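Good morning, colleagues. I would ask you to keep the sequence and the structure in view while I speak, as I shall refer to both throughout.

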Amino acid sequence: MIFTTYWFLALVGITLPVYWLARPPTVRLLILGVSCALFHYHFAGPAGVAPIVVLMGITYFAALTRSRAACAAAMVACVLALGFYKYTGFLLSGLVSHINPGLAEQLGGTTSELLPELPPLGISFFVFEFVHYLFEVRRGGEPIRNPLQFILFSIFFPSLVAGPIKRYGQFLPALAEGSRNVGMDNVAAGLRRVGIGFFKKVVVADNLTYFIDLAQPGFASLSIFERWLLLTAISLRILMDFSGYSDIAIGFARMLGVKLPENFNWPYLARNIQDFWQRWHISLSTWIRDYVYIPLGGNRHGVPRRILNGMTAFALCGLWHGAAWNFVLWGLYHGIGLAACSTYERIPGLGPRLAAIWRKEPLASWAITQLFVWIGWLLFFYPVPEAWQMTKMLFGA
Amino acid sequence: MSNPTNAAPRTNRPFFRPVSLIAGLATGMLGLAGAGFLAARTNWHTEFTRLHPMIAPESRYQPTVDELLAMIRANSSPEKVLVIVGGNSVLYGVGQPAPVMWTRSLQEQLGPDYSVVNLALRGSRPTDGGAVIAEALRDEYPRLIYIANVPPLLTADAIGGDDYRFMLLDAYYKGYLLPWEPRDRSLSNPGRVAREDRIGAWLDARVRYRSAWNWWTFHIFSTVPSPLSVSILQSLAARGQFRDEETNIEAIPFSQRFAGASFEADMGITRAFTERFYDRIGDGWQMREAARTEFDTFAAEAFPTALRSRTLIVISRNSPYYTSRLAPELRERDEIAVTDSISGWERHGYEAVDSGTNFDPADFGDRTHLTASGGRKLAVNVAAKVREMSARLFSNTPAP
Amino acid sequence: MMKQLQSRLGHSWRSLLTPAATGVAIVISFGAGSLVALVLHFLLFRLTLPTTPFIYVAF
């Protein structure tokens with residue numbers, strides 16, 4: 001919800017004019033800080049705010065020391081917090097219970113007393129931004145000394161709940177620029193973006209959701225054409241929903257004069273999986289590239305290692321989307337796709353021939369890429385056996 | 001807002017002109033608000049029978065107070081006694097097709113000096129829907145009677161149920177309601193009414209977006225799919241295309257109406273109908289103190305004092321198909337509950353009437369809902385009370 | 001292409017098209033603003049009815 005609440009619209013309806021009218025940049029940042037704090041407290045509640053405030057404190061002070069060990073320790077703390085709040089249940093029920101059911105039950109009882117009903121709002125995004133920040137400071141980046149700037153980097157309301165995942169090196173100059181020079185151009189561009197985002201969400205995605213929920217339970221009784229139509233609706237829905245969210249976040253930030261990183265670039269026009277991941281949830285895929293894939297060795301240690309690194313990165317990417325096996329499998333599915341995409345040309349005989357076909361017939365490479373991606377959404381949204389059944393039924397089984 | 005000090009050079013100027021865009025936004029908003037206010041004064045329910053599911057929240061259509069007021073103004077002269085029927089599915093007439101619904105019979109019984117409007121909503125409380133409209137029209141239609149139903153001694157939230165509270169909030173923020181401290185207190189309590197709902201109603205009172213989009217939904221197409229429709233096209237069709245197509249419960253043979261698994265469940269409900277209100281003392285029944293307090297609190301808070309004398313509460317009963325199978329002492333308890341309910345409501349200044357004891361099993365389609373024949377009997381029973389109230393309340397009230 | 005045209009004309013091509021282009025830009029911008037108003041107005045209405053949460057908020 002959040003962006004689709006009257007409370008949120010009222011908050012921005014008050015914050016924006018006050019921000020625009022207050023001309024000194026420091027005052028604008030203070031107003032923004034108060035608004036972000038209100039936003040966070042209102043939607044996360046005290047139980048959701050407290051762990052984030054603790055992580056903010058750890059991150060802020062660890063970075064100030066510029067000590068590699070302190071930054072590493074803070075990163076571990078952030079990741080552990082994410083693991084605890086988001087993955088405890090999954091680890092216990094999806095992993096430990098298969099190895100030692102007694103232990104899983106015992107641990108389940110203990111953790112259920114400690115865990116809140118829901119993970120703290122936006123914890124995945126907080127942790128990714130904090131880890132990025134600590135990582136960069138650890139390798140020599142300048143820490144944020146101004147507490148207000150750090151608070152705004154942490155809880156900047158447009159991107160707090162679902163990104164785009166910010167980089168502090170880009171965000172702080174953008175924030176400073178916005179607080180100094182927000183103008184009509186920004187406001188108009190932001191408004192347009194917000195309008196597009198809400199259209200995608202409330203007009204397209206929500207209505208598609210309704211039809212998907214109506215038709216999906218009877219998937220087996222649909223004609224082949226209708227099944228493909230449903231797959232199209234499912235694929236379109238997630239794009240419209242998520243890119244709509246990003247548009248709204250980017251648009252509201254822009255109305256404050258702040259340019260956030262783009263998150264989508266026509267992903268359903270991608271002509272290979274690598275291309276797709278450069279267009280889909282860009283701020284996440286670049287984060288994973290920079291802070292998982294490259295630190296693991298990236299493509300520097302030969303093909304097998306590169307494939308392993310890619311698979312690890314994508315399994316984590318999948319798990320980040322949700323604490324369930326189907327998300328892990330969805331990540332691995334894309335990892336396999338990417339590995340195939342980057343190595344198939346080396347297959348003697350077949351590889352170069354395929355590459356020639358794709359080059360000659362861009363439509364074919366587009367179609368095969370999108371087929372792969374769209375079928376992948378079944379794995380993303382439905383339990384594995386159901387997704388497999390649906391996939392078979394798409395081809396007439 | 002400050003102007004950019006480092007404005008981009010003219011050749012890099014974005015295509016969209018900010019001032020024009022913002023002017024377009026402001027004009028658009030003003031225009032749409034104007035359209036909303038215009039729609040709010042227009043009657044588009046030209047073939048209104050009652051709030052059938054395609055123009056009710058079940059299908060994600062939330063009628064505004066304004067559109068219902070406009071509908072009543074178009075159909076009912078203030079010179080007549082306006083009878084607004086609220087209440088739940090029993091008074092809605094579930095199982096009775098529109099031409100034979102009980103409020104048509106009530107209209108026939110009362111004659112041309114009365115105008116009966118059925119605003120009952122399925123699953124609603126006495127203070128929902130129709131009650132709001134009746135209160136909003138209290139001055140415009142000085143000769144107005146509001147009818148709702150409720151089972152004996154049953155209480156509810158004085159600010160209605162969650163499903164229909166939008167109407168109460170709508171009227172509240174548009175200033176249609178009387179000041180009524182218990183209700184105002186509840187409505188402004190964040191623990192009782194979600195802040196979201198209050199902000200939404202407050203905003204709508206200023207912009208009338210719901211009127212504008214309800215008009216669109218009714219005439220052009222539904223922007224929000226109806227969950228009641230089976231096909232995609234139908235779910236998006238304009239709501240004005242749908243007619244009141246209530247099924248005829250009389251078409252179900254009597255032998256099948258009460259058969260099957262639901263019989264035992266309904267029998268259980270019937271047995272326990274008034275159980276929690278009474279203790280068995282010797283050979284008689286005595287109302288529990290807690291039940292009395294709960295009832296008194298509800299009756300005292302449900303309606304503003306000034307409206308109670310023109311509010312008629314119909315005490316609903318179960319089908320004799322079930323009650324005839326009850327042990328004599330349980331039947332006795334139910335009778336006492338009806339009597340206690342009537343005297344209880346009257347004690348608080350309301351009018352109350354028994355829905356009737358002259359029903360046959362065939363007058364019911366199930367445990368609670370009446371067939372057309374049952375509806376006709378209800379109409380006779382209620383009409384007598386309405387005429388009596390009208391004579392007493394309005395004999396000295398001149399038509400406006 | 002724009003630069004080629006500009007160099008051949010010897011001045012900014014925009015200056016040639018300015019009055020018409022500006023008019024078009026103003027009209028389209030006004031229309032875009034009105035469309036944004038329509039979306040926001042619809043959003044206000046849509047929020048009165050049950051809404052579906054953003055898919056990614058859960059992540």
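Which residues of α12(A) are buried? Before I answer, please note that this is a predicted model. The buried residues of α12(A) are A:Ile282, A:Ser283, A:Leu284 and A:Ser285, then A:Trp287 and A:Ile288, and finally A:Asp290, A:Tyr291, A:Val292 and A:Tyr293.

I turn now to chain B and chain C. Their contact draws on 27 residues from chain B and 24 residues from chain C. About 2,400 Å² is buried between the two chains, with carbon and sulfur atoms giving 75% of that area. On the chain B side, the residues that lose the most area to chain C are B:Arg17, B:Tyr209 and B:Trp213, together 23% of what that side buries.

Which helices of chain B each supply at least two residues of the side that touches chain C? They are α1 (18-40), α8 (195-207) and α9 (209-219). The largest share, 10 residues, comes from α1(B). By residue type, the side of chain B that touches chain C divides into 14 nonpolar, nine polar and four charged residues.

Finally, the polar interactions. Across the interface of chain B and chain C, four residue pairs are found in polar contact, and zero salt bridges are found.

Terms used: Residues are numbered from 1 along each chain as its sequence is written. Chains are lettered from A and ligands numbered from 1 in the order in which they are written. This is a predicted model: local features need pLDDT of at least 70, side-chain atom pairs count only at pLDDT 80 or more; totals for chains, interfaces and linings use all residues. Side-chain values use heavy atoms; hydrogens and water are left out. Buried means under 20% relative accessible area, exposed over 50%, partly exposed in between (1.4 Å probe, protein chains only). Helices (H or I, at least four residues) and strands (E, at least two) are DSSP runs, numbered from the N terminus. Contact means heavy atoms within 4.5 Å. Buried area is the accessible area (1.4 Å probe) that two parts lose on being put together, summed over both. A salt bridge is a side-chain nitrogen of Lys or Arg within 4 Å of a carboxyl oxygen of Asp or Glu. A polar contact is a pair of N or O atoms within 3.5 Å; within protein, one must be able to donate a hydrogen and the other to accept it, and residues adjacent in sequence count only if both atoms are side-chain atoms. Ala, Val, Leu, Ile, Met, Phe, Trp, Tyr, Cys and Pro count as nonpolar, Asp, Glu, Lys and Arg as charged, and the others, Gly among them, as polar.
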